[in-house]
Amino acid sequence: MTEPVRTSRTVDLKNLVNGRWQDGHGEKFESINPSRSSVVIGAGALAGKAEVDEAVAAAARAQPAWGRMPHHERAAILARAATIIEESADDWGYDLATEEGKTTSEGIGEVIRAAQILRYCAGEADREAGEIYSSPRRGERLLVTRRPVGVVAVITPFNFPIAIPAWKIAPALSHGNAVVWKPASVVPLLAMRLAQALHDAGLPPGVLNLLLADGATGGHLVDHVEVDAVTFTGSTGVGRAIAASCAARGIPVQAEMGGKNPAIVLADADLDLAVEHVLLGAFRSAGQKCTATSRLIIEQGIADEFLDEFTRRARSLVVGDAVAPDTQVGPLISAAAQATVQRGIDTAVQQGATPLAGGSGFLGGQLAEGFFVPPTVLELPSTDLDVWREELFGPVVAVVRAHDAQDAFALANDSAYGLSAAVFTNDLARALDSVDELDVGILHVNSETAGADPHVPFGGARHSGYGPKEQGRASREFFTRTTTVYLRGGASS
């Protein structure tokens with residue numbers, strides 16, 4: 001490997017192809033600090049179609065030997081990479097906050113989670129690798145074995161620049177696949193760090209290739225004839241286009257595509273607990289999570305009491321530079337994201353929403369150089385407003401009141417999305433009802449809508465997800481395929 005990535009200077013942004021860091025040959029681009037937009041973190045040139053072809057060819061050459069390597073040897077590489085990541089958590093967490101806009105503590109937490117994911121996926125080597133069935137015929141056994149899919153294209157978003165790549169790349173590698181990875185080009189630094197860690201841990205050249213590229217080049221990767229599967233996290237529109245392209249070529253696709261996640265607060269809930277967790281779900285990471293709370297449904301009897309405390313807490317949150325020690329809400333990722341969110345707030349107010357917190361426009365003073373939007377709470381006169389249905393991906397919560405629990409469940413299901421939901425109640429019967437009533441992939445009872453553990457499935461229903469779930473043992477269903485073996489001895493019976 002070439003020189004390590006450093007942030008004490010403007011980083012040279014490069015692609016990793018066949019084990020070598022190299023410059024792209026496309027447009028020049030920069031990575032900037034969303035808290036202080038005049039600060040350039042890194043600069044380089046985007047990869048183009050030629051680099052895609054080179055990276056996919058390298059992956060296709062490397063994959064057979066990698067797939068034949070004993071699983072425990074592959075696992076040892078992942079475990080060594082996890083140690084490198086853990087030992088770098090403080091520095092990389094700071095870098096993540098500088099590049100993406102999470103607070104430093106959130107950034108450190110994400111880096112540590114990436115290491116946990118790699119360790120979990122390394123543990124796949126110690127779990128069952130197939131199944132044996134009884135045969136109806138004498139002298140025969142039926143085996144179901146698993147083998148890697150081949151070359152996997154991994155396309156990841158900006159909002160979790162190391163955790164989401166880890167939960168795609170680690171199981172892909174653990175199960176013997178080679179990877180060509182296109183991260184969001186606005187967060188290249190953490191991508192380079194993760195790729196460096198895996199190769200420093202002993203990953204053979206070509207098994208993981210990193211391309212810093214735009215969407216059009218990503219499309220060339222998805223359509224490449226030597227790509228055997230695609231895993232994607234991002235917008236619903238792009239995810240559906242990728243799914244259609246993969247279906248046309250007959251290759252598997254896994255897509256996690258966003259949400260409009262409700263938190264339901266019923267009349268018997270612990271209001272202090274509910275306020276705290278709805279606040280965390282809505283405003284941590286400036287609402288830039290696919291699992292963030294963006295809809296709040298409150299049972300009428302406790303709505304005033306809840307909203308008084310919730311809006312007081314929302315107004316008190318400290319908005320500022322992501323690396324400042326007292327900051328609780330950092331910036332959005334870009335000026336375009338800031339403008340989109342503010343436009344959504346303005347439209348909601350024009351359509352009749354009442355701002356209970358925030359909603360007053362861009363922040364000035366020392367924050368004027370960053371892409372900040374204050375935590376915003378909008379009470380809606382009805383669910384006809386755009387903000388009830390459209391994903392803004394920012395620190396904005398749309399609030400409606402429900403007549404009772406059944407009305408609350410119906411309002412929660414009033415969405416094309418079905419990723420995550422939270423229900424706050426002390427009534428066990430209501431909690432059990434929510435499991436049956438809410439059409440989501442992830443349900444939290446008395447905790448925030450955001451959050452995903454590496455050992456259980458992650459993914460949504462309806463427009464939020466397509467294909468097999470991610471994480472846990474579920475990831476094996478996407479990154480492997482089965483062979484059913486009818487096994488008997490060679491002698492006649």
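**Entry 1**

I take contact to mean heavy atoms within 4.5 Å. The model I am reading is a predicted one. With that cut-off I looked up what covers the buried residues of H10, and the cover includes strand S13 (261-265), helix H9 (271-283), strand S14 (293-299), strand S15 (354-357), strand S16 (376-379) and strand S17 (396-402).

I then listed the residues concerned: Ala303, Phe306, Leu307, Phe310, Thr311 and Ala314 are the buried residues of H10. They cover an arc of only 115 degrees around the axis, which puts them on the same side of H10. On the other side of H10, I found Glu305 and Asp308 exposed.

I also checked the length of the helix. H10 (residues 303-316) has 14 residues, and at 1.5 Å a residue these should span 20 Å; the end C-alpha atoms are 20 Å apart, which agrees.

**Entry 1. Nonpolar cores**

I looked for the largest nonpolar core and found one of 64 residues. The residues with the most contacts inside this core are Ile169, Leu173, Trp181, Leu198 and Leu210. Helix H4 (residues 104-122) gives the most to this core, with nine residues. Apart from it lies another core, of 62 residues, and I noted Leu296, Leu332, Ala337 and Leu392 among them.

Which residues does Leu173 contact, leaving aside its neighbours within four places in sequence? I recorded Trp66, Arg74, Leu78, Val179, Leu198, Leu203 and Val207.

**Entry 2. The sheet S1-S5-S4**

I traced an open sheet of three strands in the order S1-S5-S4, with mixed pairing. Strand S1 (11-13) and strand S4 (28-33) stand at the edges, each with a single partner strand, so one side of each is left without a neighbour in the sheet. On average, neighbouring strands of this sheet are turned by 40 degrees against each other, direction ignored.

Helix H6 (residues 188-200) packs on the sheet, where it touches S1, S4 and S5. I noted that the direction of H6 makes about 80 degrees with that of S1.

For the pairing of S4 with strand S5 (residues 36-45), I found the antiparallel sense over six bridges. Asn33 stands opposite Arg36 in S5.

**Entry 3. Val17**

I located Val17 in strand S2 (residues 15-17). Is Val17 buried or exposed? Its relative accessibility is 0%, so I count Val17 as buried. Not counting residues up to four places away in sequence, Val17 touches Gln22, Glu54, Ala55, Asn209 and Leu211. I also compared Val17 with Ser35: they are 18 residues apart in sequence and 31 Å apart in space, C-alpha to C-alpha.

**Entry 4. Strand S19**

How many residues of strand S19 (residues 420-424) are buried? I found five of the five buried, so S19 is largely enclosed by the rest of the structure. Ser420, Ala422 and Phe424 point one way from the strand, whereas Ala421 and Val423 point the other way, and all are buried.

I next examined the pairing of S19. With S13, S19 pairs in the parallel sense over three bridges, and the bridge partner of Ala263 in S19 is Ala422. With strand S20 (residues 442-445), S19 pairs in the parallel sense over four bridges, and the bridge partner of Ser420 in S20 is Ile442.

**Entry 5. The sheet S6-S7-S23**

I followed an open sheet of three strands in the order S6-S7-S23, with antiparallel pairing. Its edge strands are strand S6 (130-134) and strand S23 (480-488), and each pairs on one side only. The twist from one strand to the next averages 20 degrees. I counted nine bridges between strand S7 (residues 140-148) and S23, in the antiparallel sense. The bridge partner of Val144 in S23 is Thr484.

I looked up Phe393, a residue other than glycine whose phi is positive, near 60 degrees. Phe393 lies in the loop between helix H12 (386-389) and S17. With a relative accessibility of 23%, Phe393 counts as partly exposed.

I also looked up Asn446, which is not a glycine and has a positive phi of about 65 degrees. Asn446 is found in the loop between S20 and strand S21 (461-462). Its relative accessible area is 24%, and I list Asn446 as partly exposed.

Conventions: Residues are numbered from 1 along each chain as its sequence is written. This is a predicted model: local features need pLDDT of at least 70, side-chain atom pairs count only at pLDDT 80 or more; totals for chains, interfaces and linings use all residues. Side-chain values use heavy atoms; hydrogens and water are left out. A nonpolar core is a set of buried Ala, Val, Leu, Ile, Met, Phe, Trp, Tyr and Cys residues joined through side-chain atoms within 4.5 Å. Buried means under 20% relative accessible area, exposed over 50%, partly exposed in between (1.4 Å probe, protein chains only). Helices (H or I, at least four residues) and strands (E, at least two) are DSSP runs, numbered from the N terminus. The expected span of a helix is 1.5 Å times one less than its number of residues. The arc is that of the directions from the helix axis to the C-beta atoms. Two strands pair if DSSP finds at least two bridges between them. Axes are lines fitted to C-alpha atoms, for helices over the stretch in contact, and angles run from 0 to 180 degrees between N-to-C directions.
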